[in-house]
Structure formats: C-alpha cells, structure tokens
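Me: I would like a close look at a single part of this model. Please keep it brisk and connected.

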Amino acid sequence: MSRKRPPLLSTIGTKTTMAVTGLLLLGFVLVHMLGNLQVYAGREKLNAYAKLLQDAGGVLWVARGGLLAVFVLHVVSAFRVAAMNKAARPVPYVSAVPQVTSTAARTMLLSGLVVAAFVVYHVLHFTLGVVDAGNHGHLDAKGRHDVYGMVVAGFRQWPIALSYVVAQVLLFFHLAHGVSSAFQTLGVTHPRLAFLKGRFGTVVAGVVLVGNVSIPLTILLGLVPCGAC
Amino acid sequence: MNLTLHVWRQEGPGVPGRMERHEVAGVSPDMSFLEMMDLVNERLVREGKEPVAFEHDCREGICGCCSMVVNGAAHGPKKATTVCQLHMRTFKDGDTITVEPWRAAAFPVVRDLVVDRSALDRVIAAGGFVSVNTGSAPDGNAIPVPKEAADVSMDAAACIGCGACVAACPNASAMLFTAAKVAHLNRLPQGVPEAARRVRAMVEQMDAEGFGACTNHYECMEACPKEIPVRFIAEMNRAWTKASLSAESAAADKAGFG
Amino acid sequence: MALRLDSKVPSGPMDRKWEKHKFDLKLVNPANKRKFRVIVVGSGLAGASAAATLAELGYLVDCFTFHDSARRAHSIAAQGGINAAKNYQNDGDSVHRLFYDTVKGGDFRAREANVHRLAEVSTAIIDQCVAQGVPFAREYGGGLANRSFGGAQVSRTFYARGQTGQQLLLGAYQALQRQVGAGKVTMHTRSEMLDVVVEGGRARGIVTRDLVTGKIESWAADAVVLGTGGYSNVFFLSTNAKACNVTATWRAHRRGAGFANPCFTQIHPTSIPVSNEHASKTTLMSESLRNDGRVWVPLKAGDRRAPDDVPDHERDYYLERRYPSFGNLVPRDVASRAAKIVCDEGRGVGPGGRGVYLDFRDAIQRVGKDTIRQRYGNLFDMYANITGEDPYAVPMRIYPAPHYTMGGLWVDYDLMSTVPGLFVVGEANFSDHGANRLGASALMQGLADGYFVLPYTIGGYLAGAGTSGLKADAPAFLSVAKECAERTKRLLAVPGTRSPDSFHIELGKVMWDECGMARNRTGLERALKKIPEIREAFWKDVRVLGTGDRLNQNLEKAGRVADFLEFAEVMVLDALTREESCGGHFREEHQTSEGEALRNDKDFQHVAVWEWKGDGKAPELTKEPLAFEVVHPSTRSYK
C-alpha cells in the first residue's frame, strides 16, 4: 500500500490551513486598517501610534515573524490547492459555462498574487523606504519617525496612490470570496451563523476597501493637510 | 426542429479526441435529449458510421448512468434534471448544442461520452457503509431515529452517483458526492459508531483518486440533479477536522499512516 | 428426456417448513468456506445482497455487472415501498396475512411454501436495512412509518420518500462495496455474462465479455448465482431500464435451466403514454394517483375535441361504470385491460389514440389545488416535465406499460434451477408472485432471496457437492468461450443495413400487439409465425459497426436483441398453451360473459416449465403441479 498523506496535507487539511491563516490575515488587515485610519486624527496621533509599535521591540519582531509564517502558510497552501486542482482536470472543456460561481471565486489565485506582490511593495515603501525613498526617514518635531508626513507626501503622487487603490480593489475581491469560503471550509453549518457564509464576506471586504482606499484618495484630492511635508 | 450538434468523439482511453459536427433534422420537442441522441445514432448507422457511445439506462433520472455536459453545463441547462429527463422543448429550432463527456483526471474517458467513474465506487468502499453483517441487526424500531434526522439523512442519500458534481466543479472535486454519503450515514444512530473512521477514510480515498480540492464555487449544487446542498460539505469539513484532531485518530496515524 | 422438477418443499406444517429446512441443510465448516468460490451475476437488489452476504459468511465471491458500477441496476427505480409483516401499526397484519394476500394476489399460481417463507423473512429485511442506514420514513416519535399500498387492507409498506428502491439498493451496494474494500468480493464491472458453463451435470462457471476491451473471459466457480432481472424489454417499450435483457437467463436456459411461466408479465396501468415515434421507453407514475383521479374517455369513437370541450354526458368513466364498487381503484391487471378495450374501440386519446384521461378536475374542485399539490406534487411535476402539459389544468393522459415479469427461470425451494449449482434470485426466477405481483413485493422478494434465503441454501448445496475442481482453462470453458467469440464475430460480420434497435422495435410491436395485455389464439399463432421471420431478417440484415475489441454499445445491443428474438417464441408458446386467464395473463377466449378473467384450476393449476431442445426444435413442456394446502383458490371479483 502506498504511503498515505498525513491529514494536514489532504485536500481538506490544506483548505483548512488556508482558511485559518486567511482569517488570521483578515484580522491583521482590519487592525492595520484601524491603525492607518488614525491619519485622519492628525500627525500627532499617527506618529504616537507608530512610536508605540516601534517601542514594542521584541514583541514587534515576534508578531512580525508570526505574521510572516501565517502569510507563507497561506500562500503555500494556495499553491498546493491550485496545483491539485489543475491536476484534477488535465483536459479542459471545450465549452464550460459557469452557472453560479463568481468572478471573485474564479480569480482567487490572481487576486492573491497581486495582493502578495502589493504587500512586498508596501513593505518596500513604508517599512524599508526603498520606494519613494526621499520621503522616508524624516523626524517630526518631537523627534519621532514622521509616519504622517511620509504617508501624506507619498500619496500625493498619483502613481503611488493609484497602485494602492488597484491593490485594494483586488483585495476586496479576494476577501469577498475568501472570508465566506473560510467559514464553509471550517464547517460552519448552524443556521444562526449562516450569515457568515453569505453576504458577510462581501460586507467585510467592502469595509476594508472603503477604509483602505479612502486614505490614498483623500490625500490625493488634498483633503488631508500636509503641514510640514 | 433542426439542430446543429457538436459532439465529443474519442476512440478510446488516452487517445486524443475531437468535436464532431452533426446536423440533426426532424427533432420533436417531446423527445428527451437522449432520444435525440438515439436519432443521431440511428442515422449514423444508416450512413455506415459508428454511433456515438454514451452512458444511459433507466431514462427516468434515478440510475445515475447518463453523463453529458450540454452547452457547458453538466446535465444541461435545466436545474435539478438529469440529461435523460431534459426534453428538447428546452431548446429552440436552429440551436447549436455542444455535448462533451465529464472531464476529470479521476474519470478517464472510455469512449466518446462514456467515462470511467469507478473512483466513486472506491470512495464508498473506503467507508461509505455501516459495518453490519446480515442477520445481526436488532429490530427496526429498537433504536428510535428522530424524524428530522431521517429526513435530512434522506436528503443526502438521494445522491444518484452520476458524478455531475465532479464534472461541474472547476476543480473536479468530489466533495459533494463524498459529503452526501458522510452526511447520510453519520447523522443516523446506526452510522455514529464509525463516523470518525468513515469520514477520514473516505476523504483519504477521495484524495488518492485525484479529485481536486473544494474551493467553494458551489457549481456542484447547481448541477446536482437531486439538488444536494453544499451545507453537507461544510458538515464534512467539520467532521473531518474533528476526527483528525481526536486522540483515536492520532493513535491510528501513528500506527497506520506513514 | 423431460425435466425432473423436484421442488424440494420440506414436509411439515406450512409455518414450520423453513425452520425445519434450515436445520436439515448441511453446513459448510467455517474454515472451509474460503475454499468455495461463488459467482454472482447482477448487482441489483438480489445480486448485491447475495454477494455481500456470501462474502460476510466467508465465501470467495466474484460479482459481475454490465454497468459501470454496482449501484445502477433497475431495482433503483422502484418508487413505492417494501412490504413486511411487522404489524407495527397494530392493524392485524401478520406473516400469515402477508402470505395469504400474496398467494391470492398471485391468482393461485405461486408455490405456497416459497411465499410463506417470503412472508416470514420479510421482517428481518426491514431490520437489516435499518441497521445499514437506509433512511426509511419515520414518525415524530422516531419509529418507522408505514402506509397502505396497492389496495392492501393493512399498512405494511415501508418507504423512503418516493425512492425506496434506490435506498434499498444503495444499502445493498454499500454492503457489497464494504466487502470489495475488504478484498472478499472481486467486483467485475462492465462485464456482460454471455454464457454459463455446464459440465458433468453441474454449473461450473460463466463466460463474459469485457465491454471495454472486448475480451471474452472464462470464470470458474463452485456455484453460479443469477440475479439478472426480468425480461419486460421483450416489448421494447417498457418501464424497465434500457439495458435490462433476457440474455443471462436465456443462455442459462439453453444450457439446461427450465424456464417457468414466461407468459406471466405484469402491465402497469398508470404510465405516461409515448408521445412520439422515437420514444425509447415508458415512464411509470405511482398508482396512488388513482385515489383521486377519475379515468375516462369520450363516449364516441374518434372524438378529437379537447378534454374540456367534452361535456360530462359525453364522457365515459368506464372503470366506475364497469366496477361500481371498486371504481378507479381496481387492481392493475383489470385497469390495464379496461384501458386497452376502450382504446381498441377507437376511443383512446392523445397521439395515436393510445391513452386515456386521468382527470383531477373533480378532486381539485372538492379539496382544492393545494391539497392535490401536497399529495401528488412531485408526480405532477414529473408528468409536466415529460409531456410539457400542466396536469392541474388539463387531464393527465395515461396508458398501461409492461414493467415486471413474474415468469423466470424455474427454481426449487433452494432457489436452484434445474441445473445443479446454478441458482437464480430476484425477478430472474419465477418463484413467489404467481401470475400477478402485488405492489411493494418486488423489493421484498429480491432482498429476501439475497440476504436470507440463498446464503443458507447455497451452503447446503456446496456442503453436499464439494468444490468443482474444474479450472477456467478446462476444455469445457474453452469450447463455450469459443462459441461466444464466434457469435460476437458473426454479429459483426452480418453485411446488413438496419440497427439492432430497429429489430427490437419490430419485435416489441408484435409482442405488445399479440402477447400483451390481452391474448388470443389467432394473435399468438400469428406472433409465432412473425417472430422467426424477424429473427431471420435480423441475422441477414443487422448492421453492427465497429469492432469487437473495445466499447461497442451496438454490439452489446445486438447480442441482447438476438436473445430476445429467441426467447419471445417460448413466451408466446407459453401464452398459447395456457388456456385460461389468470393474473397478468388474459386469454380473450377465457372470460366470463362480463369480460372478467376465467381461471381454469382443473387444467392449469401448475407451473409451466419449458426445456430447450436445440435450435429449430420445439421446446418441451413439463408441469410442476401446485397444491394449495392453506389458502384455498377462490375467484377475484371487483364488481
């Protein structure tokens, strides 16, 4: 008898991993968004928040490590599922007409890849200061890293703002299917929780879209004061 | 009615196939889709050409033999219908119709529209049963079964094993088929003792057959002639996770897996 | 040499016979069971349940089906339910009552001892199926639900929605797959049995054709079990599945197995009439529809008006007129015949004039559309889907159609045919239904044979006969395999022009016209002349394209039609010889002045068993007399 797959590597195991890591990533996205929205509270608030995080030191690195692990697991699971599914239908249909599935569901790999590329870009932009280096690394009046100034100056450049908007639209599609799908994969069946598998995903994705897209858009339109940037 | 048919022709397993065009005249709207195929075949025989092979038997929507993707939809455009119960009045004069076999790595084409679905039998053989030998059963009324459990169990048991769920799934996944059997048996008191073993063994076999993973497109439910709900897939996911996390399973893994 | 028919019915009182027989049967030592190999052909209710149970007992089992899976057999299409003498409803049912009803319903042409055993084991079937997880309908208290079916006076029918046959078959299939998974049963799908190998007066195995590779293969065993179903498709149009055929039983017959009562066929009154010349089958609707529907045709022949335009005084509610006390609820055979009579008078409705109305107008007026929808919604939907008509607005059209055959290979009390070692189970044998089968009894018989009768009796045979010892490469196998290969080659070589189906349709028409719902000497003699002509034409003009070394559905079909063309003759001969009307067999010469069936117990209280004497030779008739010790023959009346 051939060697059996360990449960975690089975189709359901892989999907479960993807669902759990996906929901964790969603949690991060939501917290991250709430943090970012402090841009509307002004330079003081946002920079203080950034300082708070930076001062967390070891905890920050543990969190970053955990996040990276979750992210990698999510991506690896996605590739595994995609490979298994491609192998499952080697000869395609001449004519296959989707009856009920959504564009979001059919483009998960694509939207996921774009979002992943965006994450790298985003880290290069705001964390490492490789993109738009000129606006990175300035200090505010209190000697803190001037995150506020960096964000506002960055998004006043329309190509950067646009790339963020495009990425967020794809994230919207990714979450719209992914969130509801995760609850199905995790076995939610109780009628009172049925909403989790219904519109909930779209609503959450919509909230993330509006929250995150508002920042580059309002800045680009000059609605957020620049101050000293 | 006159129709143009594009039908998949394939001599045998592993050889390349192609679409073949047929003009079909004199189709009556009262015919079933398969009777229209009979008409095509009758004419092919008259012309000295080999008829199109397709699977069919009861022609009343219960045996699960018939299996065609018609115009890109498993069992054709009508909901909750097998292709044998699809009638030509669903189509219009002059329509072009494409007919293809189920396509999945686990369902190799045998000939034309006939595929090998024995993978589904092996999934059942792995655990889709209650281990009770003939003669050892207690009285039928010895164990009460709540009416709701019996009813939902019947909803799941209505599966005819046609494989349309696999055919319709963008991933060629057999989750709905497998989940329906798990939901049918795990819900009944008679099926409970083997519930954990059953779901693990069936999923393992399902994977070994090369079916894809479910990514929740729900095309299966749309194609299912018996409208088996995808809720059963969620149920199976949960049952599988629970079973995989149990101490008994861990012990079994240590002993049997790897 | 005439057939020796020893029914082996045990002595003793009726209700002790089976118990006594089980004790008298020799047993196979548990350690020896794995030395015996049993072949089961067919994986319907009877075949699958037998194969699974034999494997559980420890025998090595090879199970064959021509389907792609063991779950496809036509048992799956049975809707109504399964009878069992559980008396859960406390309404006075008992083993004796089920036995009595079945003997009487069979118009006193079944073997009493077999029927009693059937009634006895019926209760264990329900227990077994419940334990397997068959989702029978339940009451709110958790107990099993029952309904009354087919005019029975007690509620003894168990059901799983309208899919009882499906659920019971899946139960047996799952039990079978469990044994397949355990390596105790080798399942041979897409393998069609072409012949039985009989050597030294004993069945030794079978020859099959692999439908995918075309390979002719020999399989040796110590006993062979046929569970290959009935032959309703001899009529071409029937409610059976398209692949149902007589090949396995007919080939066994040609090797020495007696064929019993082939003329006993059941015609179901409520089928959807065929609407176009290319119709490939008929579809059954539950006869429960007759509880509320009224059956009528126009009074005048050739009246082509729409049903709504025919005023009440120009309608003939002929069942209510002829049978005032039973009305629309007369038994299947009576209702079917009455429909044929009015259609023969030119008063039939719908395309071709072969149909009668089943009208719910009055019921809808009385109880409302919603109530009717609750009662029959799924049937109305099915009708609407097939015909494209709305039965709430326009009366349904129905017509009788063949759907079950009571006749089959003759078997003794042990279910063994006249060939030692060849057993026959389910619809393929003749045993339990006499001349007419009651509703919800087919599923009961199939599972009784497979789960609870054959597994005992085959042990008795094997313990006595020992292993066969003949290998699949023995000359006996080689010569049969050669015959099968040559026959296949011959079919492929006919330089003809017509499809196998076209001959099947031609045969079916003759059988339906001359040997269908009502039969008479002139018609039957005409059929006896026509059948050999069609057969001859077939072998001259059939066109089977392609080759024999891969999937070739036309070749399969041709082989089956060829066997129907041989079998039809003995069926007609049996109908001609049985000069009486009983159950599903109605001879127009034998009826009362009021047109009711006239049985002749003096001359025909027997099983007619036909023996094959060779191609071109008349088969020989041997009779097994039937004695009725417990249920005394009486006349059925529905006036």
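How many helices and strands does chain C have? Start there, then take me to the side of chain C that touches chain B, and on into chain B.

Reply: This is a predicted model. Chain C has 16 helices and 20 strands. Of its 639 residues, 59% count as buried. The C-alpha atoms of chain C fill a box of roughly 75 × 65 × 50 Å along the principal axes. A compact globule of 639 residues would have a radius of gyration near 26 Å; chain C has 24 Å, so the value agrees with that expectation.

The contact takes 66 residues from chain C and 64 residues from chain B. Five helices of chain C each supply at least two residues to this side: α2 (45-57), α4 (112-132), α5 (164-181), α11 (442-465) and α15 (553-577). Of the elements there, α5(C) gives the most, with nine residues. By class, this side of chain C has 24 nonpolar, 27 polar and 15 charged residues.

One residue of chain B shows a link across the two chains. D116(B) sits in the loop between β7 (114-115) and α2 (118-127) of chain B. Leaving out residues up to four places away in sequence, D116(B) touches F107(B), P108(B) and V110(B) in its own chain, and D68(C) in the other. D116(B) has 17 C-beta neighbours inside 10 Å, so it counts as partly exposed.

D116(B) and M236(B) are 120 residues apart in sequence. In space, their C-alpha atoms are 25 Å apart.

Helix α6 (residues 195-208) and helix α8 (residues 231-245) of chain B pack with their axes 9 Å apart, at an angle of about 105°. The range of 65 to 115 degrees counts as roughly perpendicular, and α6(B) and α8(B) are therefore roughly perpendicular to each other. From α6(B), the contact is made by A195(B), A196(B), V199(B), R200(B) and V203(B). From α8(B) come M236(B), A239(B), W240(B), A243(B) and S244(B). By class, the residues of this helix contact divide into eight nonpolar, one polar and one charged.

Notes:
Residues are numbered from 1 along each chain as its sequence is written. Chains are lettered from A and ligands numbered from 1 in the order in which they are written. This is a predicted model: local features need pLDDT of at least 70, side-chain atom pairs count only at pLDDT 80 or more; totals for chains, interfaces and linings use all residues. Axes are lines fitted to C-alpha atoms, for helices over the stretch in contact, and angles run from 0 to 180 degrees between N-to-C directions. Helices (H or I, at least four residues) and strands (E, at least two) are DSSP runs, numbered from the N terminus. Angles under 35 degrees count as roughly parallel, over 145 as roughly antiparallel, 65 to 115 as roughly perpendicular and the rest as oblique. Two residues are in contact if their C-beta atoms, placed from the backbone, lie within 7 Å. Ala, Val, Leu, Ile, Met, Phe, Trp, Tyr, Cys and Pro count as nonpolar, Asp, Glu, Lys and Arg as charged, and the others, Gly among them, as polar. A residue is buried if 20 or more other C-beta atoms lie within 10 Å of its own, exposed if 12 or fewer, and partly exposed in between; C-beta atoms are placed from the backbone. The radius of gyration is taken over C-alpha atoms; the globule rule is 2.2 Å times the number of residues to the power 0.38.
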